[in-house]
Amino acid sequence: HLHHTLFMQRAISSRRALLPKSSRGLSSVAADWAFPVPVTFGAGRAAELPAKLRERGSNRPLLVADKGLSGTPVVGGLFDSLAAAGLQPRLFGEVDANPTDLNIVAGAAAYREHAADGLVAVGGGSGLDAGKSIAMVAGSGRSLDELEWTRPPVEEMSCPPLVLIPTTAGTGAEMDSAAMYTDTSRRVKFCVAHPGCTAQIHVIADPLLTLSLPPTLTAWTGMDAVTHAIEALSVDSYHPMCDGIALESLRLMHTWLPAAVADGSDVAARSHMLAASAMAAVAFQKGLGAVHGLSEPVGAVHNSQHGLTNAILLPHVLRANRAAIEPKMDLAATYLGLPPPPPGYATTDGGFERVAAWLDTLAEQLQIPATLAEIGISDETAEECAAKAVANPTGFTNPLPFDAEMYSGVFRAAVEGRDRGRLQ
């Protein structure tokens, strides 16, 4: 035990010596986790990428990133670190902001052409989801349709070693195999997943890789994580572990999301947001709800940014679900220590109005647009998006059943700004 302790102390000291001075007080938020997938967490730990690949038998990794990130120092630095360590990486950086079936087919072809033996996915939900999808398709030879998550898992699944490196604190896509993509012919988002892929995942969560994320994307991706936690907590099923994780995720974001947006160089804020995002993703193993049920079709039809779409829809769905979620909102308001709502909200001793007021204030503070119209979406596609939302399994665990009329009503309200904020 003494030998092990001394070894760990030397390893931690060596790692901290590589960090910027502003990060050296963060030893308490550097750790290795084994739940629900192996996670290497902490500032500066992306330097361990070559070793993690070699440990898993990968010497020819395919590095996957979206088009916006592939030319940045973040991806360039990771690529160079792999080459300097004697590995033979190849970059596939042709992923759209909303990954498509065409991106995944092209990525799987690049994987095979490189004779790759592992995959590193870098980015927000775009790069991470594309990387996981490419790994599943390339490793198994199966089609995306065969890997769709509502189908029974295919047998004899082969998935290569996967290292997932988030550069945003929002989607939490690093925490399991589920991966979203847009079917370009049907303009519908689908999800692929397989437990055999989850077993191959190792996460490197390094907050230093999130420092360059601009305030707008920090806010939008952060609100994606807030939505994950709120929706997971609201799902009407018994899962106290997920509920507890959702509540602590919300507490961290209540404190640290505004700080990360205000000062992107705040390593402590970035660290806690990266943890909170991952926790919210673990919580939604319990399920999500009508926000995602509708935002995914909206994203498929309008190519809108996912977290931003969620943030605009969230207050409308929250009020539509009120009758079913008041006890959970009481719990959240108490755990977060939220104050009574300001004038203009309903007078109540319950927590719902306190949570609603907090979310409205947070959206205003983060400069989230108040309506879908402000991001260029009119009500012309209300019926199309509503019909697709009804068929979207992501919304099936909403605490109240939503039909097309309800989804259409939420869509139109979000376009116009009705039933939001202080309107009762």
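This tour moves through the model stop by stop, from the sheet to its helices, loops and cysteines.

The model is predicted: local features need pLDDT of at least 70, side-chain atom pairs count only at pLDDT 80 or more, and totals for chains, interfaces and linings use all residues. Residues are numbered from 1 along each chain as its sequence is written, and side-chain values use heavy atoms, with hydrogens and water left out.

**The sheet**

Start with the strands. Here, strands (E, at least two residues) and helices (H or I, at least four) are DSSP runs, numbered from the N terminus. Two strands pair if DSSP finds at least two bridges between them. Seen this way, 7 strands make an open sheet with mixed pairing, in the order S1-S2-S9-S6-S5-S3-S4. S1 and S4 (90-95) are the edge strands, each pairing on one side only. On average, neighbouring strands are turned by 20 degrees against each other, direction ignored. Angles run from 0 to 180 degrees between N-to-C directions, and axes are lines fitted to C-alpha atoms, for helices over the stretch in contact.

**Strand S9**

Select residues 201-205, which form S9. Is this strand covered on one face or on both? Both faces of S9 are covered. Ile201, Val203 and Ala205 are buried on one side, His202 and Ile204 on the other. Buried means under 20% relative accessible area, exposed over 50%, and partly exposed in between (1.4 Å probe, protein chains only). In a regular strand the side chains alternate between the two faces of the sheet.

S2 (residues 39-41) runs parallel to S9 and is joined to it by 3 bridges. Look for Phe41, whose bridge partner in S9 is Ala205. S6 (residues 162-166) also pairs with S9 in the parallel sense, over 3 bridges. There, Leu162 stands opposite Ile201.

Move to S3 (residues 61-66). S3 runs parallel to S4, with 4 bridges between them. Val64 stands opposite Phe92 in S4.

Next, show the helices over this region. H3 (residues 73-84) lies across S3, S4, S5 (118-123) and S6, at about 175 degrees to S3. H5 (residues 125-140) lies across S3, S4, S5 and S6, at about 160 degrees to S5. Contact here means heavy atoms within 4.5 Å.

Most residues other than glycine have a negative phi, and most peptide bonds are trans.

- The peptide bond from Phe35 to Pro36 is cis, with omega near -10 degrees.
- Arg187: find this residue in the loop between S7 (179-183) and S8 (188-192). Its phi is positive, near 55 degrees. Arg187 is partly exposed, at 36% relative accessible area.
- Asn303: this residue lies in the loop between H10 (290-302) and H11 (306-320). Its phi is positive too, about 55 degrees. Asn303 is exposed, at 55% relative accessibility.

**The cysteines**

How many disulfides does a search of the whole structure find? The search finds 0. Cys197 is in no disulfide, and the nearest cysteine sulfur, that of Cys159, is 3.6 Å away. A disulfide here is a pair of cysteine sulfur atoms within 2.5 Å. Cys197 is buried, with a relative accessible area of 0%.

End at Cys242. Its sulfur is 16 Å from the closest cysteine sulfur, in Cys191, so the two are too far apart for a bond. Cys242 is buried, at 4% relative accessible area.
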